[in-house]
Amino acid sequence: MPPKAIIFDLNGIFIQSPKLSNRFRDDFGVPETDFLPVLKKIMDKVRQPNAQPAFNLWKPYLEKWRVKFSEKEFFDYWFNAEKANDEMLTLAQDLKRQGIRLFILSNNFAERAKYYDDNFPFLKELFEKVYYSWQTGFIKPDPRCWQNILTENNLQPEECVYFDDSEGNVKTATEIGIKSSLFVNAEDIKNNLRQL
């Protein structure tokens, strides 16, 4: 029997991009060993509700690395490299036609979510709701991320399937009773769903 609902992570599945750390290394000579801890530190803050503007946190590091970006230039550089995964969009359209409810669960921040709303219309067209951590206050792998979706949409864990490209998130979702798999590609998702 097919699931009632499928919950997906967003980045790395429906929206794909080169790693920002690799781009900063190649374009500005910032070593990944310098960049990645800063990225993690800032993302941990901006994914929360009521976070200060993300660029305020990036600005001192950009100045230190001698990267001359205005706020608009920085976010354009980052977000314009992000592209929709057409194979996954086709699959999601098929699943929706079958009557399966689709949701997105994403650890993300306000500026990026606004860019997605403006540039990726499929998020509103294909998904019942997109759950961003900066709005909900729940950051994966906190089990409340999934519980919140289940409660709000009157779903039981066993009625749902979850796909993410993070092993830690897949593990947590599995522990609360949602059949969960590590994302590989669209074909692998189809195979997973056939087995159900």
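Contact is taken here to mean heavy atoms within 4.5 Å. The structure is a predicted model, in which local features need pLDDT of at least 70 and side-chain atom pairs count only at pLDDT 80 or more, while totals for chains, interfaces and linings use all residues. Residues are numbered from 1 along each chain as its sequence is written, and side-chain values use heavy atoms, with hydrogens and water left out.

Helices (H or I, at least four residues) and strands (E, at least two) are DSSP runs numbered from the N terminus.

## Cores and cysteines

A nonpolar core is a set of buried Ala, Val, Leu, Ile, Met, Phe, Trp, Tyr and Cys residues joined through side-chain atoms within 4.5 Å. In soluble globular proteins, nonpolar side chains tend to be buried together. The largest such core in this model has 53 residues, and those with the most contacts inside it are Phe8, Phe14, Phe24, Trp58, Trp65, Trp78 and Leu123. Apart from it lies another core, of 15 residues, which includes Leu105, Cys145, Leu155 and Ala173. When neighbours within four places in sequence are left aside, Trp65 is in contact with Phe24, Val30, Asp34, Phe35, Val38 and Trp58.

A disulfide is a pair of cysteine sulfur atoms within 2.5 Å, and a search of the whole structure finds zero of them. For Cys145, the closest cysteine sulfur is in Cys160, 14 Å away and therefore too far for a bond. Cys145 counts as buried, at 2% relative accessibility, and Cys160 is likewise buried, at 2%.

## The largest pocket

Pockets and cavities are found on a 1 Å grid over the protein atoms alone: a cavity is a set of points where a 1.4 Å probe fits but cannot get out, whereas a pocket is an open set with protein on both sides within 12 Å along at least five of seven lines, and lining residues have an atom within 4 Å of a point. Grid points are joined across faces, edges and corners, and a volume is the space filled by probe spheres set on the points.

The largest pocket holds about 860 Å³ of space. Its lining consists of 30 residues, of which Asn11, Leu39, Met43, Arg47 and Arg112 lie nearest the centre of the pocket. The elements that give two or more residues to this lining are β2, α1 and α2 (32–46), and α2 gives the most, with six residues. By class, the lining has eight nonpolar, ten polar and twelve charged residues, where Ala, Val, Leu, Ile, Met, Phe, Trp, Tyr, Cys and Pro count as nonpolar, Asp, Glu, Lys and Arg as charged, and the others, Gly among them, as polar.

## Individual positions

Ser17 is found in the loop between β2 (15–16) and α1 (20–28), and Ser17 is partly exposed, with a relative accessible area of 39%. Leaving aside neighbours within four places in sequence, Ser17 is in contact with Ala81 and Glu82. The following table sets out C-alpha separations for three pairs.

| Pair | Separation in sequence | C-alpha separation |
|---|---|---|
| Ser17 and Phe79 | 62 residues | 8.6 Å |
| Asp86 and Phe14 | 72 residues | 7.9 Å |
| Pro3 and Trp58 | 55 residues | 41 Å |

Asp86 lies in helix α5 (residues 86–97) and is exposed, with a relative accessible area of 56%. Pro3, in the segment before β1 (5–8), counts as buried at 12% relative accessibility; leaving aside neighbours within four places in sequence, Pro3 is in contact with Ile100, Glu159, Val161, Leu193 and Leu196. Asn192, placed in helix α11 (residues 186–195), is buried with a relative accessible area of 16%, and Asn192 touches Phe163 and Ser181, not counting residues up to four places away in sequence.

## Backbone features

The peptide bond from Lys140 to Pro141 is cis, with omega near 10°, and Pro141 has its place in the loop between α8 (133–136) and α9 (144–152). Arg66, although not a glycine, has a positive phi of about 55°; Arg66 is found in the loop between α3 (54–64) and α4 (71–79) and counts as exposed at 72% relative accessibility. Asn154 also has a positive phi of about 55° without being a glycine, and Asn154, in the loop between α9 and β6 (160–164), is exposed with a relative accessible area of 67%.

Note on methods: Buried < 20%, exposed > 50% of the residue type's maximum accessible area, 1.4 Å probe, protein only.
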